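Here are my notes for you on this one. Have the sequence and the 3D view open while you read, and take the points in order.

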Amino acid sequence: MRRRDFIAAAGATAADLIASPSWAAAPDRESTEFSGVLVNISRCTGCRKCEEACAETNDLPAPDIHDKSVFEHERTTDPGRFTVVNRYETSAGTLYVKRQCMHCNQPGCAAACLVQAMKK
């Protein structure tokens, strides 16, 4: 096979793949219910109900949401807790920031938020 013939065949194959990309088909809308969780941290009050709901939904140990000493140091997610809320003191005041694993299609944390800071 000549080089020119090979390049022409490769180009035709690439054009066919681009025209009908079965390998990159869009996800089925029926099976993909949600694509993300939006957290509006300006609405978060630090109640930690999202941590409690996440733990309950995922069969994890329940956190003591009344223990405010957890805000004394920054926490991150781990295999024992998929959602954590951290408190930061800024020049504009106290700010609460939720960290989450973001793997749930129907997150319990979003349903538990009293101020509706999270949207599916």
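**Notes on the model**

1. Let's start with a pair: E51 and R75 are both buried. Keep in mind that this is a predicted model. The side chains of E51 and R75 form a salt bridge, with 2.6 Å from N to O. Find E51 in helix 2 and R75 in the loop between helix 2 and strand 2; the pair therefore ties together parts that are 24 residues apart in sequence.

2. Which residues are linked in a network of salt bridges? R48 joins E51 and R75 there. The side chains of R48 and E51 meet at 3.1 Å, N to O. Is R48 buried or exposed? R48 has a relative accessibility of 3%, and since anything under 20% counts as buried, R48 is buried. E51 gets the label buried too, because its relative accessibility is 4%.

3. How many salt bridges does the structure hold? There are five. Another one to look up is R87 with E89, whose side chains meet at 3.8 Å, N to O. Here R87 is partly exposed, with a relative accessible area of 31%, and E89 is exposed, at 57%.

4. Now check the backbone. In general, most residues other than glycine have a negative phi. R48 is not a glycine, yet its phi is positive, at about 70°. You'll find R48 in the loop between strand 1 (38-39) and helix 2. D59 is another non-glycine residue with a positive phi, near 55°. Is D59 buried or exposed? D59 has a relative accessible area of 73%, which is over 50%, so D59 is exposed.

5. Next, take a look at helix 2 (residues 49-57). Which of its residues are buried? They are C50, E51, A53, C54 and A55. The cover over these buried residues includes strand 2, strand 3 (93-100), helix 3 (108-112) and strand 4 (118-119).

6. On to the empty space. A probe the size of a water molecule, rolled over the atoms, shows where such space is left. The largest pocket holds about 160 Å³. Helix 2 gives the largest share of the lining, three residues. Sorted by class, the pocket lining has seven nonpolar, two polar and six charged residues.

7. There is also one cavity of 30 Å³ or more. The largest cavity has a volume of about 80 Å³. Twelve residues line this cavity, and C101, M102, C104, P107 and C109 are the closest to its centre. What classes make up the cavity lining? Seven of these residues are nonpolar, five are polar and none is charged.

8. Last point: H103, in the loop between strand 3 and helix 3. H103 counts as partly exposed, at 46% relative accessibility. Leaving aside residues up to four places away in sequence, H103 touches N58 and F82. H103 and F82 are 21 residues apart along the chain, and their C-alpha atoms are separated by 9.1 Å.

Technical notes:
Residues are numbered from 1 along each chain as its sequence is written. Side-chain values use heavy atoms; hydrogens and water are left out. On a 1 Å grid over the protein atoms alone, a cavity is a set of points where a 1.4 Å probe fits but cannot get out, and a pocket is an open set with protein on both sides within 12 Å along at least five of seven lines; lining residues have an atom within 4 Å of a point. Grid points are joined across faces, edges and corners, and a volume is the space filled by probe spheres set on the points. Helices (H or I, at least four residues) and strands (E, at least two) are DSSP runs, numbered from the N terminus. Ala, Val, Leu, Ile, Met, Phe, Trp, Tyr, Cys and Pro count as nonpolar, Asp, Glu, Lys and Arg as charged, and the others, Gly among them, as polar. Buried means under 20% relative accessible area, exposed over 50%, partly exposed in between (1.4 Å probe, protein chains only). Contact means heavy atoms within 4.5 Å. A salt bridge is a side-chain nitrogen of Lys or Arg within 4 Å of a carboxyl oxygen of Asp or Glu.
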